[in-house]
Amino acid sequence: MNSDKFCPMPFGSMHVDPDGKIYICCSDRGPIVDDYNNVMNVQTHSLREAWNSKHYQKIRLEFLSGQKPASCVECWNSEVGDSSTSTRTSAIERYEKFENIGYRLNDAINEAKENNGILINSSAIDYQVMSGNLCNLACKMCFPSYSNGWTKFYTSRNIDVNDITYHSSVKMPSKLYEDFNKEYNWPKKTTIQNILQDDLDNIYFLNLTGGEPTILPENINLINNLKKSKNINKLELCIITNTTNINKKLLDALDGFYKITIVSSLDAMDEIANIQRSPSNWSQIYNNLLTLRQFSYYKSNVSHGVNTVITALNLHHIGSFWDFLVSTKDLKMNPSMISVAVVVNKDYPVGLEIVPRSAIAKIKEEFQKKLSLHNSEIYKNVMDYFDNIDWANDNTLMLEMLDNIQKYHPEHNIKELYKIYYE
Ligand SMILES: C[S@@+](CC[C@H](N)C(=O)[O-])C[C@H]1O[C@@H](n2cnc3c(N)ncnc32)[C@H](O)[C@@H]1O
Ligand code: SF4
């Protein structure tokens with residue numbers, strides 16, 4: 001198969017969005033529909049039904065005939081340069097790991113070729129489940145579709161959703177806030193532990209995210225049920241958490257898996273952390289971080305990493321934050337366990353495009369120094385990214401954003417940001 005155009009995911013992966021809709025993966029512009037064009041949702045359809053829907057069949061056949069399916073456009077658009085990555089390219093790497101422990105993608109491909117895209121003997125092995133949108137935070141780079149914390153937080157302050165613009169280049173009403181007031185609590189109503197039941201014995205990987213997966217007791221049932229899989233000695237479970245909450249019962253449930261990966265979503269320390277991920281408390285998060293570091297230190301099958309989202313709020317602080325993770329004696333994070341997402345989208349209120357061009361040279365210089373110090377690819381990748389960003393000509397939008405953040409969140413101390421961007 002041509003690795004420039006082929007994707008393994010329609011042959012082995014399934015994704016459930018916070019609202020329960022079923023997709024092939026998180027970048028799929030799907031969602032999967034049934035023969036009557038009804039959107040398939042875990043509340044009304046089983047994952048097995050979706051797996052051999054005409055929709056999945058069609059996408060498999062398109063890949064087998066060398067086409068680039070239109071619903072995969074997000075990946076094709078992300079793959080712009082030689083070093084760029086996409087959901088598809090990371091899936092190719094993940095599937096190579098599955099092959100090393102016994103999975104045979106070619107069996108699924110051959111079956112699909114012989115059977116007009118239908119897979120009876122080959123089942124899904126790689127899942128991402130976003131277990132609703134129940135979350136305790138309203139992070140400024142995130143949205144109500146992932147967090148009902150947004151609705152709770154702004155409603156409790158009597159702030160109308162259409163006023164949360166931060167700066168004038170984001171026009172309201174915005175599609176990004178469409179799910180304000182929506183609560184996706186299907187894991188409490190649909191027995192979440194059963195959604196993977198049909199193919200329980202074949203799972204190699206489950207990425208459990210949300211919402212905030214650690215605040216949902218039903219996710220512990222899901223994990224305990226996973227342990228009944230005959231494939232447990234090959235099954236990797238990954239949990240992505242905002243680290244505001246250590247659920248002891250959940251940690252206890254993690255015994256027995258082939259691998260556990262816990263990803264702490266952390267973008268900054270101290271007040272910048274509280275500003276980007278509100279309403280959070282950095283000292284509490286730091287204590288939880290220490291607990292997770294210890295947990296991974298003592299369990300040989302557990303790895304712990306950090307995922308950082310870079311926005312206009314924390315860009316100036318990333319170098320010192322990553323230094324802190326790597327150099328603090330009690331943390332000693334390996335730089336290879338730090339991953340990154342960069343928010344670049346003019347419709348996003350904290351997207352990097354509002355950062356004035358004049359501030360970038362200094363930030364790049366700092367990254368260059370860190371690169372030589374830590375020899376970590378991550379600095380280089382982010383700097384390559386910077387070269388393609390259409391930075392703002394002046395600080396107007398940045399200051400507008402800071403003023404509005406202060407207006408909605410008088411509790412934030414944003415002096416550090418004002419100081420940088422007033423210059
Ligand atoms: C939606 S969250 C759900 C899991 C959990 N609540 C957390 O924050 O870790 C999943 C991941 O998306 C990241 N994220 C949030 N907003 C993002 C954005 N605008 N672009 C890219 N990633 C984002 C989070 O930091 C987290 O690592
Ligand atoms: S904690 Fe996660 S889901 Fe909740 S608002 Fe923040 S990024 Fe979104």
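D126 stands opposite F205 in β4. This is a predicted model, where local features need pLDDT of at least 70, side-chain atom pairs count only at pLDDT 80 or more, and totals for chains, interfaces and linings use all residues. Residues are numbered from 1 along each chain as its sequence is written, with chains lettered from A and ligands numbered from 1 in the order in which they are written.

Q: Over how many bridges do β3 and β4 pair?
A: Strands here are DSSP runs (E, at least two residues; helices are H or I, at least four), numbered from the N terminus. Two strands pair if DSSP finds at least two bridges between them. Strand β3 (residues 126-130) runs parallel to β4, and the bridges number five.

Q: Which helix makes a β-α-β unit with β4 and β5?
A: β4 also pairs with β5 in the parallel sense, over four bridges, and N207 stands opposite C238 in β5. The unit is right-handed (strands pointing away from the viewer, the path from the first strand over the helix to the second runs clockwise). Its helix, residues 217-226, is α8.

Q: How many of the residues of β4 are buried?
A: Buried takes 20 or more other C-beta atoms within 10 Å of a residue's own, C-beta atoms being placed from the backbone. Strand β4 (residues 205-209) is mostly covered, and of its five residues the buried ones number four.

Q: Which residues come nearest to ligand 2?
A: Near means a C-beta atom, placed from the backbone, within 6 Å. Of the 14 residues around ligand 2, the nearest are C135, C139, C142, S147 and N242.

Conventions: Buried ≥ 20, exposed ≤ 12 C-beta atoms within 10 Å, placed from the backbone.
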